[in-house]
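User: I would like to learn how to read a protein model like this one. Could you take me through it feature by feature?

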Amino acid sequence: MSLKEILEAFEALPEATKASVVADVERLVGGRRWVPNEGPQTGAYFSEADELFYGGQAGGGKSDLEIGLALTAHHRSLVLRRTNKEALGLVERIAEIVGNRDGWSGQQGIWRFDDFTVEIGGCQLEDDKQRYKGSPHDLICFDEVSDFSESQYTFIIGWNRSTKPGQRCRIVAAGNPPTRPEGLWVLKRWAAWLDPNHPSPAKPGELRWYTTGDEGLEIEVGGPGPHLIGGEWIKARSRTFIPAKLSDNPDLAATDYAATLAALPEELRAAYRDGRFDLGLKDAAYQVIPTAWVRMAQERWTDQPPSGIPMCAMGVDASGGGTDPMIISKRYGGWYDKNSIIPAKEIPIESAGRYCAGVVVMQRRDGAEVIVDLGGGYGSSMYEQLHENGIKAIGYKGAEKGFGKTLCGRFTFSNNRSAAIWRFREALDPGQPGGSSIMLPPSATLLADLTAPTYEPDSKTITVESKKKVCERLGRSTDEGDAVIMAWTRGLKEANIPGGFKELKRRQTPTVVVGRANQRRK
């Protein structure tokens, strides 16, 4: 029976029966007069997933789902927007639903009802996530989840728990497709539903189970478990995605909201009206590398390098402490292999340089040039170990003075990092003679790393945004993108493919930054 038929049947009931039905519904929803709309919102409400992403088109009732769950199914809830100002909109919506503001404390950001609480808050700065440390909630909701950094999300959900017997615990992420690189982590986390190239795609609403594997990275497993990992029996958590459409929300579908969405700029229309997770990114002002160019390079990628092209360069972002992994980017002419990621916990601190050098030696082929990041300090020991083993590694320091000019000859570079990123931009440019021949592996993380940096406009000098600022916006390090760009700075002499790559080799010589090698290669 459709919702329309249900409403018509309800109106035909005697008044006394109607009153009884209303009383039953109010009792079922705790007297708070909220029930999910028929369709996907109902499916999301009753989903058994520990971690649900409900999203797609704007106007699909995403915020109402979070509020409805907090008002009817949970004891202690936390509903977040990225800023406190945005969070006030959630307060107003709750007031509309419950009909009053009784129990709301604006100073504390908590709505206290008779037997449960709903906390409303923001997380504007990266470190604002610390506000929620150690504070358990059985429901944690992220409204417009792609506005949050990945580290904020993964940190806060660590306190999704309850001591109330029988209380279910769950995470709800709601939002539209990301429109900035900072939100691309969402595509990676729900890749089984959102990535068309995923090897084992999942259907909307289908449950998949995930946990942390022996190597410290997230893995998909066959069910809830328990699974033996690292000598311990671990239960996995389930995850799913349910798409939301404007037509699923009768309150908005009957208004002119669809016309409002249709009038948006093209890239925002793809995200908000069409719910396209593959097209919604909008380039920032003065973004160094256009998103479309990276996507084109990823679409050209094949799972094997072109025949007869040797490995010519390895970009290595080292690790020797903390939580950041070691990243190795291996390049065969214009073709890039998938990045090798060595978890930090696998790298022995007392012999990190020797261990990392050994990994490089094992993966190196065809006498490929090895470019090591010396900017963070961890690469120095590995660099020395490689030289002791007869491999003349090349040091890379992004902060040192940049050499050379842009292809047009008009601009110089303020530092080596700006030069390296800009030259990779030039190589990706599909308008160069013969077109670009770079092929990058599909990866939401790599796409975000390469498209996040912006630059400062100047009449003479290109200055790319500092890595520190980019990492603050992303909420993580850009190691994968850095390794790919480092691999481009050397090894051109090994390339032997037609088109734009040969043209780049003729017109451009990359920069090296150690000792006398810190010159343009002739």
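Analyst: Happy to; we will go from confidence to the overall fold, then to one helix and the cores. Keep in mind that this is a predicted model.

User: Then let me start with confidence. What does the protein chain average in pLDDT, and where is confidence lowest and highest?

Analyst: pLDDT is the predictor's confidence in each residue, from 0 to 100. Here the chain averages 82, and 80% of the residues score at least 70. Strand 6 (residues 139-143) has the highest confidence, at 97, while helix 19 (residues 500-507) has the lowest, at a mean of 39.

User: Over which residues does pLDDT stay under 50?

Analyst: One stretch is residues 256-275, for which the model has 40 contacts beyond four places in sequence. Another is residues 493-522, with 77 such contacts.

User: How many helices and strands are there, and what share of the residues is buried?

Analyst: The chain has 19 helices and 21 strands. Of its 522 residues, 53% are buried. For the fold, look at sequence separation: among contacts between residues at least 6 apart, 64% join residues at least 24 apart. The accessible surface comes to about 24400 Å², and carbon and sulfur atoms account for 51% of that.

User: What span should helix 13 have, and how far apart are its end C-alpha atoms?

Analyst: At 1.5 Å a residue, the twelve residues 352-363 should span 16 Å; the end C-alpha atoms are 17 Å apart, which agrees.

User: And the cores: how many residues has the largest nonpolar core, and which have the most contacts inside it?

Analyst: That core has 59 residues, and F142, Y153, W190, F424, L428, I438 and L440 have the most contacts inside it. Helix 15 (residues 416-428) gives the most to this core, with seven residues. Beyond its neighbours within four places in sequence, F142 touches residues including E66, L80, F148, Y153 and I171. A second, separate core has 28 residues, among them Y54, A95, F113 and I120.

Note on methods: Residues are numbered from 1 along each chain as its sequence is written. This is a predicted model: local features need pLDDT of at least 70, side-chain atom pairs count only at pLDDT 80 or more; totals for chains, interfaces and linings use all residues. Side-chain values use heavy atoms; hydrogens and water are left out. Helices (H or I, at least four residues) and strands (E, at least two) are DSSP runs, numbered from the N terminus. The expected span of a helix is 1.5 Å times one less than its number of residues. Buried means under 20% relative accessible area, exposed over 50%, partly exposed in between (1.4 Å probe, protein chains only). Contact means heavy atoms within 4.5 Å. Accessible areas come from the Shrake-Rupley method with a 1.4 Å probe; for residues, only the protein chains shown count as cover. A nonpolar core is a set of buried Ala, Val, Leu, Ile, Met, Phe, Trp, Tyr and Cys residues joined through side-chain atoms within 4.5 Å.
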